[in-house]
Amino acid sequence: MTKWVYSFGDGKAEGASDMRNLLGGKGANLAEMANLGLPVPPGFTITTEVCTHYYKNGESYPDGLAAAVDAALAEIGRITGRGFGDAKAPLLVSVRSGARASMPGMMDTVLNLGLNDETVIALAADAQDERFAWDSYRRFITMYSSVVLGVEHHLFEEALEDYKDRKNYHLDTELSAQDWQALIETFKHIVTKERSAPFPQDPQEQLWGAIGAVFGSWMTPRAIKYRELNAIPAEWGTAVNVQAMVFGNMGETSATGVAFTRNPSTGEKALYGEFLINAQGEDVVAGIRTPQDITEAARIASGSEKPSMEAAMPEAYAELVRIYGALESHYRDMQDLEFTVEKGKLWMLQTRNGKRTARAALKIACDLVDEGVIGEEEAVTRVEPQALDQLLHPMIDPKAEREIIATGLPASPGAASGAIVFSSDAAEAARKAGRKVILVRVETSPEDIHGMHAAEGILTTRGGMTSHAAVVARGMGKPCVSGAGSIRVDYKAATMTVMGRSFSEGEIITLDGGNGQVLAGEIAMLQPELSGDFAKLMTWADKVRRLKVRANAETELDAQTARKFGAEGIGLCRTEHMFFDAKRIVAMREMILADDEHGRRAALEKLLPMQRDDFTRLFSIMSGLPVTIRLLDPPLHEFLPHGDAEINDVARALDVSPEKIRRRAAELHEVNPMLGFRGVRLAVAYPEIAEMQARAIFEAAIAAGKETGAKVSPEVMIPLVMSQPELDTVKARIDAVAQAVMSESGETIAYQIGTMIELPRAALRAGEIAASAEFFSFGTNDLTQTTLGISRDDAASFLGRYVQQGLLDHDPFVTIDQDGVGELVALAAERGRATRPDIKLGICGEHGGDPASIAFCEKQRLDYVSCSPYRVPIARLAAAQAALSKEARSLA
């Protein structure tokens with residue numbers, strides 16, 4: 001019989017940390033802490049399998065679940081000496097979600113469940129504190145009504161603010177027990193009015209409502225969006241954790257907090273976090289009150305006048321320090337902790353591997369190696385390749401003038417400039433329109449996830465270092481300044497005001513997430529220096545990876561950047577990009593407009609020295625590393641002018657009639673240019689183009705070899721080939737040019753000729769093509785288009801829906817479609833090797849910088865991946881992690 005519920009508490013648990021797929025991350029770690037003998041309030045976990053059953057069976061629960069929940073509740077009651085629904089000694093519980101992958105702020109939580117008009121009186125008597133009891137009850141009503149019953153949270157907030165205004169109160173802490181009682185009646189009236197039903201008083205009804213809400217929240221738009229952004233499958237589901245309540249709002253000897261065993265922004269080895277005295281957990285992360293520092297050192301550094309936990313609660317602080325050391329030692333990684341102090345006693349509510357910035361991840365991984373906790377190979381697996389992207393973006397130039405308009409908390413490092421927007425919808429719309437924006441909010445909530453993803457940076461006027469905005473921004477690698485309390489935001493007027501100065505939506509500001517500064521205007525940025533921990537980790541990664549990493553580059557800057565980031569050659573040089581320079585486009589158009597071969601060759605002679613110079617510089621920068629140069633690929637009409645004014649200008653420059661240009665453009669016009677007159681077809685029809693480019697390549701190889709002293713072995717790539725005879729036709733021309741250049745120069749050139757595999761037919765006939773091609777480079781951008789029948793430029797209107805509805809696991813232009821495109825790659829690799837065992841195989845589409853696609857390339861034992869220069873470090877680390885995977889090692 002399936003076990004649906006796992007209990008924990010009283011120094012033991014039915015689960016363990018290795019059961020996160022079944023119990024979720026939170027449930028597995030609660031069980032592990034209980035097994036370690038740490039102070040964990042007793043509770044139980046409803047498994048993720050129940051969530052799967054729930055959605056597969058019309059949102060119904062499996063047989064036996066109710067009985068298992070009742071038994072687990074009874075066990076909590078035995079440990080605590082309380083009963084669920086007992087009017088004299090009531091057991092109150094929290095209900096939290098817990099997926100196997102951490103989803104901060106994505107899922108709904110209910111605290112103080114079990115309170116009603118009767119049990120609140122018992123709670124007050126037991127605690128000998130009426131105010132605490134009624135405060136807990138009002139919190140429960142607002143939370144439960146919002147999460148479970150669907151009553152808008154702002155209705156309760158507005159009622160509270162109205163009451164405070166009438167009573168001339170400024171802070172919630174000024175309200176007495178009698179005030180809360182009066183407000184609770186107002187709150188219950190709001191619920192009745194909104195639902196046409198009273199607030200539920202039966203604890204069992206409350207519990208099953210909350211369990212259903214947790215499962216229901218797995219499919220809310222914000223949860224779906226978070227899973228989409230973080231590649232979390234919907235079928236994983238979430239677990240539900242029900243746990244005896246401990247209270248941080250029982251007076252000045254009680255508190256609640258969030259802590260990290262190391263600084264999640266910098267990686268510094270020091271307890272880092274925040275807490276609030278006389279508060280419940282949601283108060284810290286929601287940003288409703290500005291929290292206090294945990295350590296005295298942090299308090300001094302922040303300039304806060306409020307006492308630290310170390311000073312205010314020394315015994316609880318000492319216990320927290322002991323436990324954080326034990327947990328980090330046990331898990332061998334930085335931990336993110338949630339805790340509550342109830343009347344001086346510390347209780348642990350959660351531990352998990354903490355989210356961190358890329359810089360912190362690097363430092364923590366390297367420090368753990370230095371401390372002897374983990375080895376170099378494990379350190380390589382500890383840093384998400386995509387996270388390195390955070391380190392490859394600009395920072396504010398130290399020499400730039402700063403007009404500081406406000407200062408908040410440095411919640412997430414990095415810097416960004418953009419136009420102010422005040423809503424997440426506006427941020428998303430701006431991104432789609434190609435505009436960079438800064439999202440400015442009083443505080444963010446999970447509903448803002450799409451706007452935070454779209455914005456360059458996030459600014460909030462409330463909240464601390466562990467608020468929703470801070471945690472999510474760090475995970476996304478976006479700069480964030482939180483708690484900038486001097487700023488006043490007026491959503492209705494679409495303005496933010498600070499120190500008497502007003503900024504409207506659309507005005508440019510800059511955020512420095514490293515020091516919490518908000519700056520007026522756009523500030524000059526600098527590229528970061530990659531050294532220290534970054535260099536150390538990359539060295540370890542390079543030791544274990546098998547795949548080579550090249551870069552897609554056709555300019556000097558691209559090539560230099562690629563070398564700086566550790567590229568081992570150029571896997572794709574798109575020669576057409578070189579022709580759009582103002583001087584060269586004239587000769588290119590002259591060639592296209594020529595009436596015969598003689599005229600085309602005359603124009604190409606003008607382009608030859610330019611191309612030769614381009615290639616010489618690339619070869620010199622690469623200094624003997626492989627360089628793959630793709631012959632002209634796009635259709636010729638792309639180089640012709642558009643619009644009457646441009647046509648007339650070109651006509652004058654070339655001394656031809658505008659009509660001739662229009663006539664030639666009409667001749668070259670295609671209904672579907674992606675599948676038209678391009679690639680190898682240009683070289684077949686106009687071999688003189690390929691001959692000019694080949695001569696430029698070979699002459700440049702000789703020149704660069706003499707300049708650098710390094711042997712240059714160019715790789716000439718013929719695009720869009722579909723058959724061996726087609727390849728042979730162009731290859732013969734290239735070989736003839738190579739022989740001519742070697743004869744003229746008296747030099748020997750070691751070169752290779754290969755092709756891009758971009759068409760399904762080329763993949764299927766790879767065995768024949770390999771007889772002529774010395775290498776294959778899989779052009780997975782076009783191979784994805786031609787295999788799936790989807791235009792990359794037109795797919796945005798429907799691909800998102802396909803992913804959301806589960807019709808596709810991911811965007812196939814971001815991560816390779818392993819079942820379709822991947823099978824063609826595997827087939828072409830197998831057939832190519834059968835013909836030519838030493839054939840060189842690589843990938844040069846956008847997938848070359850995607851970690852999941854790189855893992856696929858490792859599985860297929862390709863020789864290299866090629867990606868944009870700024871993704872080279874990501875590819876190096878991803879290739880190392882792919883090599884360390886169990887599957888890769890089994891194939892080695």
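A: Let's begin with an open sheet built from five strands, arranged in the order 9-8-7-10-11 with antiparallel pairing. Strand 9 (292–293) and strand 11 (345–353) are the edge strands, and each has a single partner strand, so one side of each has no neighbour in the sheet. Please keep in mind, as you look around, that this is a predicted model.

Strand 7 (residues 255–260) pairs with strand 10 (residues 335–342) through six bridges, in the antiparallel sense. To find this pairing on your screen, look for valine 258, which stands opposite glutamate 338 of strand 10. A helix belongs to this picture as well: helix 13 (residues 314–331) lies across strand 10 and strand 11. Its direction makes an angle of about 30° with strand 11.

For a contrasting pairing, go to strand 25 (residues 548–552). Four of its five residues are buried, so strand 25 is largely enclosed by the rest of the structure. Strand 25 runs parallel to strand 32 (residues 864–867), and four bridges join the two. Here valine 549 stands opposite valine 865 of strand 32. Strand 25 also pairs with strand 26 (residues 570–574), again in the parallel sense, over two bridges. In that pairing, alanine 551 has isoleucine 570 of strand 26 as its bridge partner.

Two packed helices are described by the angle between their axes and the distance between the axes. The axes of helix 5 (residues 130–147) and helix 8 (residues 203–217) come within 10 Å and cross at roughly 50°. Helix 5 and helix 8 are therefore oblique to each other, and the crossing is left-handed. Helix 5 brings Phe140, Tyr144 and Val147 to the contact, while helix 8 brings Glu205, Gln206, Gly209, Ala210 and Ala213.

The loops have details to show too. Most residues other than glycine have a negative phi, and most peptide bonds are trans. Aspartate 10 has a positive phi, near 60°. You will find aspartate 10 in the loop between strand 1 (5–9) and strand 2 (12–13). Its relative accessibility is 52%, so aspartate 10 counts as exposed. Serine 623 also has a positive phi, near 45°, and lies in the loop between helix 22 (597–622) and strand 27 (627–630). With a relative accessible area of 37%, serine 623 is partly exposed.

One more loop is worth a stop. Glycine 434 sits between helix 16 (424–432) and strand 16 (437–441), and at 64% relative accessibility glycine 434 is exposed. The C-alpha atoms of glycine 434 and leucine 183 are separated by 47 Å, and these two residues are 251 residues apart along the chain.

Finally, a word on cysteines. A disulfide is a covalent bond between the sulfur atoms of two cysteines. A search of the whole structure finds zero disulfides. Cysteine 366 is buried, because its relative accessibility is 0%. Cysteine 480 is buried as well, with a relative accessible area of 0%.

Note on methods: Residues are numbered from 1 along each chain as its sequence is written. This is a predicted model: local features need pLDDT of at least 70, side-chain atom pairs count only at pLDDT 80 or more; totals for chains, interfaces and linings use all residues. Side-chain values use heavy atoms; hydrogens and water are left out. A disulfide is a pair of cysteine sulfur atoms within 2.5 Å. Buried means under 20% relative accessible area, exposed over 50%, partly exposed in between (1.4 Å probe, protein chains only). Two strands pair if DSSP finds at least two bridges between them. Contact means heavy atoms within 4.5 Å. Axes are lines fitted to C-alpha atoms, for helices over the stretch in contact, and angles run from 0 to 180 degrees between N-to-C directions. Angles under 35 degrees count as roughly parallel, over 145 as roughly antiparallel, 65 to 115 as roughly perpendicular and the rest as oblique. A crossing is left-handed if the near helix is turned anticlockwise from the far one by less than a right angle, and right-handed if clockwise.
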